[in-house]
Amino acid sequence: MRNHLNLIGVITVILDNRGLEPPQPMMRTLTALAKLQSGETLTIINDRRPMFLYEQLDELGYKHETIEREDGSFQITITKG
């Protein structure tokens, strides 16, 4: 897990879940989300689209955006409201 401070002073945490078998990516993601402060962003990189995670994010009120990367993995940016 890496932390980055962007130009507007918002902390973004990057979590690379590639190579992990379910349910590890979801468990790692939910653990990292629990540590975020309001307005902070978590970016995860997964081998596959996290369909079950989307339901959890919607229920918890997180904003999220998914981009398919050139290598076939998925980058999901999640912001805590």
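**Close-up views of a predicted model**

Among contacts between residues at least 6 apart in sequence, 57% join residues at least 24 apart. The model shown is predicted.

View 1. Along the sequence, the elements run β-β-α-β-α-β-β. Of the 81 residues, 32% count as buried. The chain exposes about 5300 Å². Carbon and sulfur atoms supply 54% of that area.

**View 2. Strand 3 spans residues 41–46 and is largely enclosed by the rest of the structure.** Why is strand 3 described as largely enclosed? Six of its six residues are buried, so the rest of the structure largely encloses the strand. The cut-off for buried is under 20% relative accessible area. Both faces of strand 3 are covered. Thr41, Thr43 and Ile45 are buried on one side. Leu42, Ile44 and Asn46 are buried on the other.

**View 3. Strand 3 pairs with strand 5 in the antiparallel sense.** Strand 5 covers residues 74–79, and the pairing runs over six bridges. Thr41 has Thr79 as its bridge partner in strand 5. Ile45 stands opposite Gln75 of strand 5.

**View 4. Strand 4 and strand 5 form a hairpin with five residues between the strands.** Strand 4 comprises residues 63–68. Its pairing with strand 5 is antiparallel, over six bridges. Glu68 stands opposite Phe74 of strand 5. Which residue of the hairpin takes a positive phi? Gly72 does, with a value near 90°. Most residues other than glycine have a negative phi.

**View 5. Thr29 sits in helix 1, residues 24–34.** Is Thr29 buried or exposed? Its relative accessible area is 0%, so Thr29 is buried. The side chain of Thr29 makes a polar contact with the side chain of Asn17, at 3.2 Å. Leaving out residues up to four places away in sequence, Thr29 touches Leu15, Asn17, Leu42, Ile44, Leu53 and Ile78.

**View 6. Leu15 lies in strand 2.** Leu15 is buried, with a relative accessible area of 2%. Leu15 is also one of the residues that Thr29 touches. Leu15 and Ile76 are 61 residues apart in sequence. In space, their C-alpha atoms are 9.9 Å apart.

**View 7. The largest pocket has a volume of about 220 Å³.** The elements that give two or more residues to its lining are helix 1 and helix 2, residues 51–60. Helix 2 gives the most, with three residues. In total, 14 residues line the pocket. Pro22, Pro25, Met26, Arg48 and Pro50 lie nearest its centre.

**View 8. The peptide bond from Pro22 to Pro23 is cis.** Its omega is near 5°. Most peptide bonds are trans. Pro23 is in the loop between strand 2, residues 11–16, and helix 1. Pro22 is also among the pocket residues nearest the centre.

Methods. Residues numbered from 1 in each chain as written. Predicted model: local features only at pLDDT ≥ 70, side-chain atom pairs only at ≥ 80, totals over all residues. Heavy atoms only, no water. Buried < 20%, exposed > 50% of the residue type's maximum accessible area, 1.4 Å probe, protein only. Helix = DSSP H or I, 4+ residues; strand = E, 2+ residues; numbered from the N terminus. Pairing = 2+ DSSP bridges. Contact = heavy atoms within 4.5 Å. Areas by Shrake-Rupley, 256 points an atom, 1.4 Å probe, with all protein chains shown as cover. Polar contact = N/O pair within 3.5 Å; in protein donor to acceptor, adjacent residues only side chain to side chain. 1 Å grid on protein atoms, 1.4 Å probe; cavity = no way out; pocket = protein on both sides within 12 Å on 5 of 7 lines; lining within 4 Å. Points joined across faces, edges and corners; volume = space filled by probe spheres on them.
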